[in-house]
Amino acid sequence: MKRRIALAMVGLAIAGGVMAERNPLVREVNKGIYKKGLSGRHIALWHSHGFYYEASQDRWEWQRAKTFGNVEDIGNMPYVVKYLTPMLENAGAVVLNPRERDIQKNCIVVDNDHSTAKSSFVKVAGPWKNILGGYRYQSTLQEHENPFTEGSYLQANTSKKESATLTYLPNIPAAKKGEYAVYVSWANNAKNVSNATYRVYHTGGVSEFTVNQKMFGATWQYLGTFTFDSQNAAVVVSNKSDEKGVVTSDAVRFGGGMGIVARRPSETIAKNIVASLPDNNVIERIKPNEFRWKKSGVPSYLEGSRYYLQAAGIPDSIYSRSKYLNDYTDDYQSRPHWVNFLKRNGIPIDLSLAFHTDAGITPNDSIIGTLGIYSTKGEKFSDKRSKQLSARLSQMVQDQICSDIRRAYNSQWTKRPLKDAAYSEAAGPDVPCMLLELLSHQNLADMKYSLDPRFRFLAARAIYKGIARFIDSTTVIQPLAPNHFAIKKLGEKQVLLTWKNTVDTLEQSANATKYRVYFKKEDGGYSPTFIEVTGDSLIFDLPRWGVQYGFKVTAVNDGGESFPTEELSACLFDKPGKPALLVNGFTRLSAPASFDNGQKAGFEWWQDEGVTDGVDMAFLGYQYNFDRATPWLDDDNSGWGSSGTEWWGRLTYGNTHDFTSLEGESYQKLQLSYVSCSKAAFEESCDVSKYDLIEILFGEQRYVKNFREEPDSITVFNDKLLAQLDTAISRKIPLLLSGAYIGTDMVERKDSTAIKFAENKLGFIWRANIGSRTGEVESTDVAQNHLKGEWHFSCSAIDDSYDYPQIYRVEAPDAIEPAKGAIRLLRYTDYTSSAATLYSSKGTPVAVFGFPLETIKNQQKKLAFMAQILKTLGLYSPKK
């Protein structure tokens, strides 16, 4: 008790007053300032390890073992990059990462000295001086090479009215359209201003930023991630400022790209223990010239920080403490020294956090749990504050993690004793810091949680809350995303958007005070502008007939902004009649299925790979060793849990929350009006009589046990949804239903009500959980008047053949048979089982598919498919 009181008093030293009257490193202008959030704060954050060069083996390799489809080197990236970093940024903080955060493999550098990919640098409107000492692009970096010292930069005097601009134009071919992180750089000049203006032109519009160029700029500084195409891609730097001085500008980078640092052994090969090398640490002395320079050959985001920092212009005294003798030790030592380097060069880092998972296996498969590590070595930071602040940070974050996990998922989650130890990442930073070991990546019980996106989000949110309260005990926590989102047609081109506030049962302060509605057109990015409202609805006038518009909603309070809702969309044509309704019935996120029979245990990826949140960059490969008795021999032979690397460097797709837009493209091309809603809104408040057809996209929706083994709401059919379907049938509204577990879910749950409804009202009977392994279907002879052709949906384990958009893999499509009175529309060609049915339910046509329609490959064939099935359902009449 005395220790807790002492630490609480130490915490007062950092509460309030730290933000000061300063411009942050980067700020997006239209987001505003969160007065009870983290605006003005700068946080250094990273996930552990990374792909590195092992000189003794003369190869690039992982730093940790490959187990349970995961390797720690990238397994923690979803926690840090997908969740924790944007949470902190949504609260107003600037987050600095010593590893690449962008998963975009394409990289374009635009610079006044040399640009890549036939890109151009344009100087316009006003005098800019060319000064030596800036960036120059190099495709390969060897020892001692720093690209930020080999070129030149440009400089202009400031003006209250814009009188000089620089426009950076990347060449992005149509095939490379997508999301790119944008990084900027500038020269360090005593006359630099603290509010330089940057404008990013992208498919969603123009995003404006102010950048504090008084802080360190001879490196890559992150602005944001945007959708670019061949016509909408530019960064403009302006000399506009109300401060007297200069604006400097150097290279701009679009995308993360591939690793560019090349390595070979030095004359001395050393053990992976320390960076200072006494004679007894030397393994071997060799001749470097006998070895080729080797790049990793992998995307930059997979590499360790030591390589990112070299490519980012950080001095080698920071990223190679061993003087190029040992990359392993250089990697973990580079991160804390990078923090101190930024601090010495004008970036006011408030704290740092190193995110790790631990090693270790429990004999009874219990949870290893969470450990916080700090160091009081040296007693004080250079600013004379006590290093007990690190103890306080570690305690607050660990307490919040364990409290939230225990309340939400596992009341017995293990909270390990805090540890005061001089590990490099816990002792090295000259700011309050923490080394977090969230759980064990070698223990199946822990990994059942860690591979689940819901757990990742909760753990990251707990860390964010702990950090925020460490900085200011009076902070307000940003809300959760709204729910029950829906779009309804009002009249002409006018739609009504509605939603509900989400109550955070773990956080009283996380209440929304207003909402922001974001929108986009067609397949472009979201506009940076938004409509802010205090209520739970918005009337929106669609600008044009026949154009697809997408919408997302966020919740806002004084602590920050939530993550967005799912994407819903609408497209209206100037035609009589009611629109169709597309329902997003795919809400599931989950870890892969798992089993444990005592002797063998692991993840049953062949049955159910789980559903990741959006795009997952951390899945390494499928587990192949399930024998608990197999010992660890080496990281190349990790024993029980050993996994392959077939997904290494690839992205896996899960629930991208945009399926009504993807499916809506077919309706748009067929000139059919539609609106959309969430599953929750359809079940609770939808008037089905307003629509000419209802299509429900169940995707890979399926009941999965939650962590408390309690009933879960993630199901295909429930009582409320069945009631809505029954109403639609009684009102002669055609139904189009599809999903990979459309029958399996109700059978596994032994839901007799749903099983009977499916047979008697929807016209199908479940037959098998796995209807195909190839994803190939063909129409049957009896269906020739309704549907004719062959199609292919995303099903193969690794498949790069399907066109835009990339979409999730359906590993277990359902085989469903027609009930009495129904006909079989499709068969799977490999298993020859039934894939789809058509039924007239009391005169109402109902089509059911055992695979998700949004996963059909080839957009032209998908359009032909939809034209036939919508004609059969009475919605579409092709022009003669």
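Phe619 is partly exposed, with a relative accessible area of 21% (partly exposed lies between buried, under 20%, and exposed, over 50%, using a 1.4 Å probe and protein chains only). This is a predicted model: local features need pLDDT of at least 70, side-chain atom pairs need pLDDT 80 or more, and totals for chains, interfaces and linings use all residues. Residues are numbered from 1 along each chain as its sequence is written, and side-chain values use heavy atoms, without hydrogens and water.

**Aromatic pairs**
- The structure holds 51 aromatic pairs.
- Rings of Phe, Tyr and Trp (its six-membered ring) pair if their centres lie within 6.5 Å; planes under 30 degrees apart are stacked, over 60 edge-to-face, and the rest tilted.
- Phe586 and Tyr808 pair edge-to-face, at 5.4 Å centre to centre and 65° between the planes.
- Phe586 lies in the loop between strands S36 (580-584) and S37 (594-596), and Tyr808 in the loop between strands S46 (790-792) and S47 (815-818), so the pair ties together parts 222 residues apart in sequence.
- Strands are DSSP runs of E, at least two residues, numbered from the N terminus.
- Both Phe586 and Tyr808 are buried.

**Around Phe619**
- The ring centres of Phe619 and Tyr622 are 5.4 Å apart and their planes are at 65°, so this pair is edge-to-face.
- Tyr622 counts as buried, at 6% relative accessibility.
- Phe619 and Tyr622 belong to one aromatic cluster, along with Phe595, Trp605, Trp606, Phe626 and Trp647.

**Charges over rings**
- The charged end of Arg101 sits over the ring of Tyr222, 3.6 Å from its centre.
- Arg456 has its charged end over the ring of Tyr79, 5.9 Å from the ring centre.
- The cut-offs are NZ of Lys or CZ of Arg within 6 Å of the ring centre and within 35 degrees of the ring normal.

Terms used: Helices (H or I, at least four residues) and strands (E, at least two) are DSSP runs, numbered from the N terminus.
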